[in-house]
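User: I'm new to this one. Can you walk me through it?

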Amino acid sequence: MREPTQIPATFDTVYDLASLTKPLITTLLCARRIEAGELTLDSAVANYLPEFDRTDRQMITVRELLTHTSGLPAWRPLYVTAEGKRDAVVAAIVSERLEYAPGTRVVYSDLGFITLGFLLERLTGARLSDLADREIIKALDLKETFFNPARAKQTGIAACETGNRYEQQTCQELGLEYRSWRENLIWGEVHDGNAYFLGGAAGHAGLFSNARETLRLANQFISTSTELLKPETCRLFNTVMTAGLEEDRSIGWQLASTRDSAAGPGLARDSFGHLGFTGTSCWVDPRRGRVFILLTNRTHARALPFANINAVRREFHTRAAAALDGLLQTES
């Protein structure tokens, strides 16, 4: 779990969930706002964030942010482009050139979910971390799920890479200069540079949890087990909203029907899931009420480029599904 000291991973080990923050926190909070009538999928983002009220941005919708079809770029180092100012982040995102007409392509975008985090903050008047703590973490009585882990919890957390070498390399490729890189082992603080800049909690990354509590969060997206949503709301998560585009996406999730998805052949086509850059993944089979969680720290003690572990994820899903099927046969 950490070099040079080896700390065995257990079911209680806490991981930086990275982009699992997008569905497990941001999407869940958006779904609750939709239920309450405070947020509408096809409303313009400009209705909530006035910075988007300009000719080439004013028609981008909440649905397009949630399905990665907004036209926004995949990533930019906001700690550079916003000049280190949190209050300038939305304006920095709006200033980026759209890479395609909204609604015409699926291009996975951190910037879209960072925008959603700010939208939720403006809508509720609360910081995203406080909103998540009140409406999700405390509501479910989760003890090992949080943003910005306490220092005392460090030895129970899986370490990430030393410094942000991947982001340094990406900034160099973009021709951007930044001098305040972390050079230490990233252990017990968020790995993602934009989330770190934003105070450890953002719409796209920052959440930490263990396998058991990640399961509890994932169960909120299944109609027969959710405690935080109406059962009918859960249809939003396995309904394809990007038919004919590069990926099959619902709000916040990728569908297993997407070509070459990490789901593999072991999961039903209407299963939905998400990956995290640090080596995490969560896939949900709503019809069978199954959740498949794989937590690793693939960025730790590894040179660039980091290994693509999608083949491992597919094999894990195949074997886990077969094992569960075997248990059902034995019980019957």
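User: How many helices and strands does the chain have?
Analyst: The secondary structure comes to 10 helices and six strands; helices (H or I, at least four residues) and strands (E, at least two) are DSSP runs, numbered from the N terminus. This is a predicted model, where local features need pLDDT of at least 70, side-chain atom pairs count only at pLDDT 80 or more, and totals for chains, interfaces and linings use all residues. Residues are numbered from 1 along each chain as its sequence is written, and side-chain values use heavy atoms, with hydrogens and water left out.

User: What does the C-alpha trace span?
Analyst: About 60 × 50 × 35 Å along the principal axes of the chain.

User: Which strands form the open sheet, and in what order?
Analyst: The order is β3-β4-β5-β6, with antiparallel pairing. Two strands pair if DSSP finds at least two bridges between them.

User: Why is one side of β3 and of β6 left without a neighbour?
Analyst: Because β3 (254–255) and β6 (290–295) stand at the edges of the sheet, each with a single partner strand.

User: And how many bridges do β4 and β5 pair over?
Analyst: Five, between β4 (residues 272–276) and β5 (residues 280–285). Leu 275, for instance, has Ser 281 in β5 as its bridge partner.

User: Which helix packs on the sheet?
Analyst: Helix α10 (residues 310–331), which touches β4, β5 and β6. Its direction makes about 140 degrees with that of β6. Contact means heavy atoms within 4.5 Å; axes are lines fitted to C-alpha atoms, for helices over the stretch in contact, and angles run from 0 to 180 degrees between N-to-C directions.

User: Switching to α1. How do α1 and α5 cross?
Analyst: Helix α1 (residues 21–35) and helix α5 (residues 110–124) cross at roughly 45 degrees, and their axes come within 11 Å. That makes α1 oblique to α5: angles under 35 degrees count as roughly parallel, over 145 as roughly antiparallel, 65 to 115 as roughly perpendicular and the rest as oblique.

User: Which residues make that contact?
Analyst: Among them are Thr 26, Leu 29 and Arg 33 of α1, and Phe 113, Leu 116 and Leu 120 of α5.

User: What about α1 and α6, at what angle do they pack?
Analyst: About 70 degrees, with the axes of α1 and helix α6 (residues 128–137) 11 Å apart. That makes α1 roughly perpendicular to α6. The residues that meet include Leu 24 and Arg 32 in α1, and Leu 131 and Glu 135 in α6.

User: Last topic, the backbone. Which peptide bond is cis?
Analyst: The one from Leu 304 to Pro 305, with omega near -5 degrees. Pro 305 lies in the loop between β6 and α10.

User: And what is the phi of Ala 18?
Analyst: Positive, about 55 degrees, although Ala 18 is not a glycine. Ala 18 sits in the loop between β1 (15–16) and α1.
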